[in-house]
Amino acid sequence: MNHTLPLSEVRAEPNRLLIWALRFKVGFTLVAWAVPLLVLPASVLEGFVGFVPDPILWVRLLGWAYLALCVGYLGGLRSAQRGTFPRGVVAMGIVSNGGAAILLTMSRTFGVASQLDGLPAM
């Protein structure tokens, strides 16, 4: 008789560091990005970042995308609290944050950022 569990059923002690990181990620993303981009008027957003694209719909769509990331992170948080490592959510975070870091580095390196008000090229 085979008593092995499928990998999806394997449980372990909840990873406290991962749980903390996901809680922080959700809270910070909601407070710093998703909610402000979704609800603040253009004049306030312009004060924070120096410019607002026209139409402001692009900013609202970005806020919605951040909110969608939070939904994914919350799913990962629930899995981590149950002792299951949320591989897909960790991969999502690496792609999201890593991609942003690469794009920002490339924009600074190749001078694209100089085209944006308030962001001088390095």
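This is a predicted model: local features need pLDDT of at least 70, side-chain atom pairs count only at pLDDT 80 or more; totals for chains, interfaces and linings use all residues.
Let me start with a helix pair. Helix α1, residues 16–39, and helix α3, residues 57–81, have axes that come within 8 Å and cross at roughly 160°. Angles over 145 degrees count as roughly antiparallel, so α1 is roughly antiparallel to α3. The crossing of these two helices, α1 and α3, is left-handed. As for what sits in that contact, the residues divide into 21 nonpolar, four polar and three charged.

Stepping back to the whole chain. How many helices and how many strands are there in the protein chain? There are four helices and zero strands. Along the sequence the pattern reads α-α-α-α. The protein chain has 122 residues, and 20% of them count as buried. Its exposed surface comes to about 8700 Å², with carbon and sulfur atoms supplying 70% of that. On contacts: if you take those with a separation of 6 or more, residues 24 or more positions apart account for 58% of them.

Next, the other helix pair I want to show. Two packed helices are described by the angle between their axes and the distance between the axes. For α3 and helix α4, residues 87–109, the angle is about 145° and the axes are 9 Å apart. This crossing of α3 and α4 is left-handed. Which residues meet there? From α3 we have Leu69, Gly72, Tyr73 and Gly76. From α4 we have Val89, Met92, Gly93, Ser96 and Asn97. By class, the contact of α3 with α4 has four nonpolar residues, five polar ones and no charged ones.

Leu45 lies in helix α2, residues 42–49. Is Leu45 buried or exposed? Its relative accessibility is 6%, so Leu45 counts as buried. What does Leu45 touch, leaving out residues up to four places away in sequence? The list is Pro36, Leu37, Leu40, Gly50, Val52, Ile56, Val59 and Arg60. Take Ile56 from that list: Leu45 and Ile56 are 11 residues apart in sequence, and their C-alpha atoms are 10.0 Å apart in space.

Terms used:
Residues are numbered from 1 along each chain as its sequence is written. Side-chain values use heavy atoms; hydrogens and water are left out. Axes are lines fitted to C-alpha atoms, for helices over the stretch in contact, and angles run from 0 to 180 degrees between N-to-C directions. Angles under 35 degrees count as roughly parallel, over 145 as roughly antiparallel, 65 to 115 as roughly perpendicular and the rest as oblique. A crossing is left-handed if the near helix is turned anticlockwise from the far one by less than a right angle, and right-handed if clockwise. Ala, Val, Leu, Ile, Met, Phe, Trp, Tyr, Cys and Pro count as nonpolar, Asp, Glu, Lys and Arg as charged, and the others, Gly among them, as polar. Buried means under 20% relative accessible area, exposed over 50%, partly exposed in between (1.4 Å probe, protein chains only). Contact means heavy atoms within 4.5 Å. Accessible areas come from the Shrake-Rupley method with a 1.4 Å probe; for residues, only the protein chains shown count as cover.
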